[in-house]
Amino acid sequence: MSVKTFHTPDATGDGVELDVKFVMVARTAAQSNYCISGQHPLVQNVTVTEGGTANLTCRVESNDNTSLQWSNPAQQTLFFGDKKALRDNRIELVRASWSELTISINDVTLTDEGMYTCSLFTMPVRTAKAYLTVLGVPEKPEIDGLTKPAMEGDHITLTCITQGSKPAANLRWFRNDKEVLGAKEVNASGKTFTVRSSLQLHVDRNDDGVAYTCRVDHVALSQSQQQATEVLEVHYAPRVEIIHSLAVPQEGQYLKLECESKGNPSPDPVMWTKDGGELPDLDRMIVEGRELTFTSLNKTDNGTYRCEASNHLGTSSDEYVLYVYDVPTILPPSTTPPLHPILPDPTDLLGTHASDPTVTGNRDPNALGQHGTDHALIGGVVAVVVFVTLCLIIVLGRYLARHKGTYLTNEAKGADDAPDADTAIINAEGNHAHAEEKKEYFI
């Protein structure tokens, strides 16, 4: 039997003496060869997140009471069997036996990363090495470069930065829920990395109220996400559009005109005018916010209505031409059949087509050009009817005049030779003796 003493420095520089007694027992050659080939320490590499706990385990399949030892990358002994050798409160013994030695390192830092050694004190000493990998957790990202408010047409650059990641983190940009591509830059800082990602924007009114999010992807963030979000505020000049409630306004109807204006800052209130001046009848024309309401339309409401909205970036307006149509009259059905065929009224046909949006192609019934076209068409139809009537009168007159001349000529035949009128008529009807002598000429 022999006694050996090992001196192992701790983290404070002091020494801790371990008295280890090795009992050397004589064995046969066959037994000695079996022990050497069957005793070999088994370890595994370990990966842990910074701030977590790392468990290092060393096992032996068969052991003849030989001690196991863990040492750190600086070759300082942490535990020899169940004896603690390094004064570090973060290092604790989990399990110690002749076949296993497991220790734990709490609150792991990046400096704890490296190669750890498990030693089995046989003759000769056998070792196994396990690498401890410490993941650096990236810090919460920050977004820089945003100006509030931004103006429509501006070019801005959003920059997202995160530090402390190991390995280098990946940064991703999202416009609301849709991912957009940024430019990435990685810089090493000791054992960790600083990552930047830039996003170029040409700001327009569609970016107003949009959330831009920078998200960190890293293996150390499997259970949680690190991200930052900024919401853009964009100022822009207004745009105005008038929405009307009636397609064909008629007398006595209720009409509402809505001035739809979009701008930031909001162009409130809006201004209504008629034909370049103020509204004439405020009793029937009611202005409430962005709406102009006519309680009962009449012909005096005809005109051009203008809505105007403005903010500090500009002014916008829209116009609506109002033409109030007559209310169509409906006659009661007649019980007496007409003496002459009744032709369809061209005005009724035109009115029907004008009020049918499928025929007019969804044109605005208030357009002045269309009204003028209706009058021209009606005049053309009336002219055709008058012309046909005159032609009929002329033809009928010529026909009556021709028959009257013939009667007078026949009555005169034989009148010269007859003693009286009766004889002359008889001669005209039946006597043709002098037919060749008396001839009739029509000029």
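A disulfide is a pair of cysteine sulfur atoms within 2.5 Å. The structure above is a predicted model, where local features need pLDDT of at least 70, side-chain atom pairs count only at pLDDT 80 or more, and totals for chains, interfaces and linings use all residues. Residues are numbered from 1 along each chain as its sequence is written, and side-chain values use heavy atoms, leaving out hydrogens and water. A search of the whole structure finds three disulfides.

**Disulfides**

- C259 is joined to C307, with 1.7 Å from S to S.
- C259 lies in strand β23 (residues 255-264) and C307 in strand β27 (residues 303-311), so this pair ties together parts 48 residues apart in sequence. Strands are DSSP runs (E, at least two residues), numbered from the N terminus.
- The torsion about the S-S bond of C259 and C307 is about -75 degrees, so this disulfide is left-handed.
- Both C259 and C307 are buried. Buried means under 20% relative accessible area, exposed over 50%, and partly exposed in between (1.4 Å probe, protein chains only).
- Another disulfide links C58 to C118, at 1.8 Å from S to S. C58 lies in strand β5 (residues 54-60) and C118 in strand β11 (residues 114-120), so the pair ties together parts 60 residues apart in sequence.
- C160 and C214 are also joined, with 1.9 Å from S to S. Their S-S torsion is about -85 degrees, so the link is left-handed.
- In sequence order, the bonded cysteines of the protein pair as 1-2, 3-4, 5-6.

**Another cysteine**

- C391 is partly exposed, at 32% relative accessibility.

Methods. Helices (H or I, at least four residues) and strands (E, at least two) are DSSP runs, numbered from the N terminus.
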